[in-house]
Amino acid sequence: MPAAVDAKNSEPDLPFALPDITRMEIEGVVECLESGWLTAGRKVREFEQAFAERVGARFAISCSSATMGALLLLEALGVGPGTDVIVPTWTFSGPAMMAHKLGAQVVLADVHPVDFNLTCDTLASCLTTRAKVVMPTHFAGRSCDMAALAAFCRAHGLVLIDDAAHAFPATDDAGRMVGAQGARATFFSFYATKTLTTGEGGMVVTDDEHLAHRLRARRCHGIGRDVFDRYTNPATGWRYDVGEPGWKANMTDLSAALGLAQLARSHEMLVARTLIARIYHAALEEAELMDRVTRPALAPGHAWHLYPLLVRGGRDRFVALMAERGVQCSVHFVPLQEHSFWRRKARNGHARFPSTEYLAAQEVSLPIYSKLTRAEAERVAAAVISALDLC
């Protein structure tokens, strides 16, 4: 078991998250800077192709963020006034807000109390006659049961798209990567805390060629040809056409250069995160604290974007005690029904969500990132044991 931690230790603080940047990423970005082409160009195309191959999808469409990916996707699927979009209430507000911005009604669904994910049962309990899209979140990096959700959606005429902001490079029990599990499309986040980061950025993957074409146009003002093609293809020249409504949501070559290096290192970063999860898991078991906390299962294929603990009684005090020990924690999430906006605007914002309410009172996320060393992970584990003794 890790040694006890003195609350007044002089070690440097351990942040909740740090990006894992090496010389490979730096050299890739410098090469891009020196190339003279910074916006969407050759590097973006290389990153999209490599990411699609890694996930096992036919098409990958990069964008400026996962939230914008969700907006482009929902709009291209015809989400708008008169339609409902079902989302788990245990999620981040961004994608649901895009449905609202398009004029759709957001419907909240409860989640499973063990893996924190949307299930067919919780989905069925909030199904509406106007429901068009179901948008589950793979919480913390653990895959939803997409086969079951896909079958449910087919039976009820619903479009299934999944929020994989936490879930690269996660797989399901059958070894299928998130992004190749039967959804109409999947969107990923490359925010700074993710396993693969481009600083800001996102990616939508799909096997639907027509949908991919529409997403590519809509991410850049509705123009059917990207700027790299217009500036570098003498056969077609500068002419372009705005064929449909669009936004400014493209990724830059600078971001893609960073993403390409991160993608090449994604397996080693996943291995590092998995090791940290195992260190926490073993330390809690050895300390015999399972009557005080619930730890996440070491599920196969978990991406370990988060390591969520459930602290029974005194969660907020636990977070404060961890801070005293130099360890920064976070909470994921404040569920949507607890936000004043969604209480007013979601179709069922005032409903009860028993599992989510249970999780929201207890969840705390420990630091887990690939730059965290074994010694630092053991220090976090020791701080957890020490803080729990005082809760």
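Biologist: Before we talk holes in this thing, what counts as a cavity here?

Modeller: On a 1 Å grid over the protein atoms alone, a cavity is a set of points where a 1.4 Å probe fits but cannot get out. Keep in mind that this is a predicted model.

Biologist: Fine. How many cavities of 30 Å³ or more are there by this rule?

Modeller: The count is five. The largest cavity has a volume of about 80 Å³.

Biologist: Which residues line the largest cavity?

Modeller: Its lining is made up of Val114, Asp115, Phe116, Phe139, Ala140, Arg142, Pro296, Ala297, His302 and Pro308. Sorted by class, that gives seven nonpolar, one polar and two charged residues.

Biologist: Let me pick Phe116 from that list. What is its phi?

Modeller: Phe116 has a positive phi of about 70°, although it is not a glycine. You'll find Phe116 in the loop between S3 and helix H5 (120-124).

Biologist: And is Phe116 buried or exposed?

Modeller: Phe116 counts as buried, because its relative accessibility is 6% and the cut-off for buried is under 20%.

Biologist: Let's zoom out. How many helices and strands does the chain have?

Modeller: The chain has 14 helices and 10 strands. Its C-alpha trace spans about 70 × 55 × 40 Å along the principal axes.

Biologist: What does the radius of gyration say about a compact globule?

Modeller: A compact globule with 391 residues would come out near 21 Å, and the chain has 22 Å, so the two agree. Buried residues account for 55% of the 391.

Biologist: And the contacts between residues at least 6 apart in sequence: what share joins residues at least 24 apart?

Modeller: That share is 74% in this chain.

Biologist: OK, packing. How many residues are in the largest nonpolar core?

Modeller: That core has 37 residues, and the ones with the most contacts inside it are Leu73, Leu74, Val85, Val87, Ile161 and Leu215. Elements giving two or more residues to this core include strand S1 (59-63), helix H3 (66-76), strand S2 (84-88), strand S5 (159-164) and helix H7 (209-218).

Biologist: Which element gives the most to this core?

Modeller: H3 does, with eight residues.

Biologist: You listed Leu215. What does Leu215 touch, leaving out residues up to four places away in sequence?

Modeller: Leu215 is in contact with Ile61, Leu72, Leu73, Ala76 and Val204.

Biologist: What other core lies apart from the largest one?

Modeller: There's another core of 32 residues, and Trp304, Ile368, Tyr369 and Val380 are among them.

Methods:
Residues numbered from 1 in each chain as written. Predicted model: local features only at pLDDT ≥ 70, side-chain atom pairs only at ≥ 80, totals over all residues. Heavy atoms only, no water. Core = buried A, V, L, I, M, F, W, Y, C linked by side-chain atoms within 4.5 Å. Buried < 20%, exposed > 50% of the residue type's maximum accessible area, 1.4 Å probe, protein only. Helix = DSSP H or I, 4+ residues; strand = E, 2+ residues; numbered from the N terminus. Contact = heavy atoms within 4.5 Å. 1 Å grid on protein atoms, 1.4 Å probe; cavity = no way out; pocket = protein on both sides within 12 Å on 5 of 7 lines; lining within 4 Å. Points joined across faces, edges and corners; volume = space filled by probe spheres on them. Nonpolar A, V, L, I, M, F, W, Y, C, P; charged D, E, K, R; others polar. Rg over C-alpha atoms; globule rule 2.2 N^0.38 Å.
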